[in-house]
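Have a look at the structure first, then read on.

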Amino acid sequence: MESANQDINLNSPNKGLLADAMTDVPVDNAARGAAPEGLTLAEEEELRAELAKVEEEIGTLRQVLAAKERHCGELKRKLGLTPLDGLKQNLSKSWHDVQVSNAYVKTSEKLGEWNDKVTQSDFYKKTQETLSQAGQKTSAALSNVGSVISRKLGDMRNSATFKSFEDRVGTIKSRVVGSRENSTDGLHSPSGAGDKPPQDNAPF
């Protein structure tokens with residue numbers, strides 16, 4: 001075969017020349033054995049000739065297919081298509097073929113029917129109601145916990161301990177802010193010490 005894209009005419013008298021590696025092996029009458037029942041010798045010879053012709057055509061088609069596959073590979077290589085691209089395309093096509101196949105369509109329909117039956121069943125409805133009630137109870141419990149925590153925090157803020165703590169924080173804050181004001185005033189005073197008398201820094 002001279003080129004990969006050369007078409008082969010199966011009706012050509014030269015078609016047998018392509019099968020260089022294939023040789024016809026003559027089969028003698030002794031090796032053939034007796035003719036099958038119901039066949040005359042002429043019919044058997046005709047069937048054997050047809051079989052030889054079909055086998056020869058199969059060999060030719062295999063060669064044509066191999067040549068076409070080589071040519072296809074060359075074209076893909078020139079286009080920069082990798083085997084991975086071909087695999088993706090084959091998988092996509094296969095999945096599409098599966099989706100449009102009768103078995104897939106029937107299975108999808110059957111699953112849809114089962115889903116409808118399950119969702120309409122009393123057991124499913126009861127389970128759904130139970131889960132819904134459980135969710136509502138959980139939400140109510142969490143809401144109650146939040147209310148209790150808020151109430152406890154409110155009680156704690158009104159306690160004497162918290163008020164004492166708050167007073168101390170306020171005292172510390174006023175002292176820090178007051179000392180900053182004093183140091184700022186000292187910077188602006190010409191004497192550097194300021195005109196204000198020092199504040200009482202008694203410990204708390």
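This is a predicted model: local features need pLDDT of at least 70, side-chain atom pairs count only at pLDDT 80 or more; totals for chains, interfaces and linings use all residues.

Two packed helices are described by the angle between their axes and the distance between the axes, so that's where each pair starts.

**α3 against α4**
- Helix α3 spans residues 83-100 and helix α4 spans residues 102-120; they pack at about 60°, with their axes 4 Å apart.
- On the α3 side, the contact is made by Trp95, Val98, Gln99 and Val100.
- Asn102, Tyr104 and Val105 are what α4 brings to it.
- Sorted by class, this contact has five nonpolar residues, two polar ones and no charged ones.

**The nonpolar patch**
- Trp95, Val98, Tyr104 and Val105 make a nonpolar surface patch of about 340 Å².
- Which elements give two or more residues to the patch? Those are α3 and α4.
- Val98, one of the patch residues, sits in helix α3.

**α4 against α5**
- Next comes helix α5, residues 122-157, which packs with α4 at an angle of about 60°, the axes being 5 Å apart.
- With that angle, α4 is oblique to α5.
- Here Val118, Thr119 and Gln120 of α4 meet Asp122, Tyr124 and Lys125 of α5.
- The class count for the contact of α4 with α5 is two nonpolar, two polar and two charged residues.

Notes
Residues are numbered from 1 along each chain as its sequence is written. Side-chain values use heavy atoms; hydrogens and water are left out. Axes are lines fitted to C-alpha atoms, for helices over the stretch in contact, and angles run from 0 to 180 degrees between N-to-C directions. Contact means heavy atoms within 4.5 Å. Ala, Val, Leu, Ile, Met, Phe, Trp, Tyr, Cys and Pro count as nonpolar, Asp, Glu, Lys and Arg as charged, and the others, Gly among them, as polar. Patches are made of residues with over 30% relative accessible area and no salt bridge: like charges are joined within 9 Å, nonpolar side chains (Val, Leu, Ile, Met, Phe, Trp, Tyr) within 5 Å. Accessible areas come from the Shrake-Rupley method with a 1.4 Å probe; for residues, only the protein chains shown count as cover. A salt bridge is a side-chain nitrogen of Lys or Arg within 4 Å of a carboxyl oxygen of Asp or Glu. Angles under 35 degrees count as roughly parallel, over 145 as roughly antiparallel, 65 to 115 as roughly perpendicular and the rest as oblique.
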